[in-house]
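Subject: Structure for your review

Dear colleague,

A summary of the findings follows it.

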Amino acid sequence: MTAPDADLAHLRGWIGREETHPAEVTEDLVARFHATLDRPGAPPRRGEPAPRLIHHCLSSQTVPTATLAEDGHPQRGGFLPPVPLPRRMWAGSTVRFHRDIHVGDIVERRSSIADVSLKQGRTGPLCFVTVEHALSAGGEPVIGERQDIVYRGAESGVPVQAAAAELGRHSRTLEPSAPLLFRYSALLFFAHRIHYDRRYAMEVEHYPGLVVHGPLQAVLLLNFAADLRGAPPDRFSFRSGAPLFDDGPFTLNADESGDGLTLWTAGPGGTPAMRAEAGSGEALRGAA
């Protein structure tokens with residue numbers, strides 16, 4: 001990206017592009033989601049509310065394996081702009097739950113490119129693509145989500161270490177096992193190799209281990225908030241600040257924040273990885 005202005009003008013031509021995908025929330029998908037996350041009790045059955053954030057497992061990009069790029073992502077272009085930077089990550093989302101999705105629902109997701117912007121990071125250019133998703137079931141809105149995707153250069157994946165944080169008032173320790181990461185990738189039909197191919201993650205992208213998915217951390221934090229409050233939040237936002245790896249146990253943390261919760265994940269040394277906010281009604285500003 002040696003001519004950012006020209007590149008940005010080209011990439012911003014994707015703003016307004018839309019795509020629509022329908023998908024069924026099947027009992028089998030719900031059971032696999034429930035089992036992957038080790039949720040207690042029996043999984044919801046047909047007609048019952050489906051787990052929050054299961055919509056990330058719907059409407060996957062089912063492109064042929066032979067067309068995947070080296071990193072496991074679909075080739076650039078099409079719906080998403082062809083950003084000429086090799087590393088792509090889910091930077092964060094803001095989600096508003098209008099009502100529950102139910103097991104057995106046919107959910108239609110309408111997605112549109114809302115913005116494309118360039119910023120200069122510590123090690124080079126970053127390109128942010130913002131996608132707005134509107135999900136409906138039976139003709140009624142169920143979820144609104146504003147998603148940020150970030151593209152960066154092929155510099156070393158080892159992050160600059162931030163200062164360690166104290167544990168939250170509420171804290172839970174989890175083990176990011178390889179089977180957990182593999183199962184979650186399978187739920188999303190997501191082939192990004194940094195989450196399951198240790199050799200690729202360490203030798204090509206120079207990470208110290210497998211990377212824990214951003215949306216997996218998000219659903220773990222959302223479930224933590226639901227367990228603490230006795231009900232899932234109506235609004236939830238999350239943003240990745242640093243990668244989280246499978247090189248040791250990590251913690252889910254939560255502090256009270258007005259009518260809601262401030263949450264974060266932290267690696268073995270206490271370095272925060274993802275930060276999130278959970279609230280009900282108007283307690284969380286800026287949701288989709």
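How many bridges join β6 to strand β8, and in which sense do the two run? The model is a predicted one, in which local features need pLDDT of at least 70, side-chain atom pairs count only at pLDDT 80 or more, and totals for chains, interfaces and linings use all residues. Residues are numbered from 1 along each chain as its sequence is written, and side-chain values use heavy atoms, with hydrogens and water left out.

Strands

β6 and β8 (residues 250-257) are antiparallel and are joined by five bridges. Strands here are DSSP runs of E of at least two residues, helices are runs of H or I of at least four, and both are numbered from the N terminus; two strands pair if DSSP finds at least two bridges between them. Leu174 has Phe250 of β8 as its bridge partner. β8 also pairs with β9 (residues 260-266), again in the antiparallel sense, over seven bridges, and Thr251 stands opposite Ala266 of β9. Two residues lie between the strands of this hairpin, in which Gly258 takes a positive phi near 60 degrees.

Helix α3

In α3 (residues 178-188), the buried residues are Leu180, Leu181, Tyr184, Ser185, Leu187 and Leu188. They lie on the same side of the helix because they cover an arc of only 155 degrees around the axis, the arc being that of the directions from the helix axis to the C-beta atoms. Pro179 and Phe182, on the other side, are exposed. Buried means under 20% relative accessible area and exposed over 50%, with partly exposed in between (1.4 Å probe, protein chains only). The cover over the buried residues of α3 includes α2 (27-36) and α5 (214-229). Just after α3, Phe189 takes a positive phi of about 50 degrees.

Pocket and cavity

The second largest pocket has a volume of about 310 Å³. Among its 17 lining residues, Thr36, Leu37, Asp38, Leu174 and Leu220 are the closest to its centre. α2, β6 (170-174), α3 and α5 each give two or more residues to this lining.

A pocket is an open set of points on a 1 Å grid over the protein atoms alone, with protein on both sides within 12 Å along at least five of seven lines; in a cavity a 1.4 Å probe fits but cannot get out, and lining residues have an atom within 4 Å of a point. The search of the whole structure finds one cavity of 30 Å³ or more. The largest cavity has a volume of about 50 Å³, where a volume is the space filled by probe spheres set on grid points joined across faces, edges and corners. Its lining includes Arg52, His55 and Asp100.

Yours sincerely

Terms used: Contact = heavy atoms within 4.5 Å.
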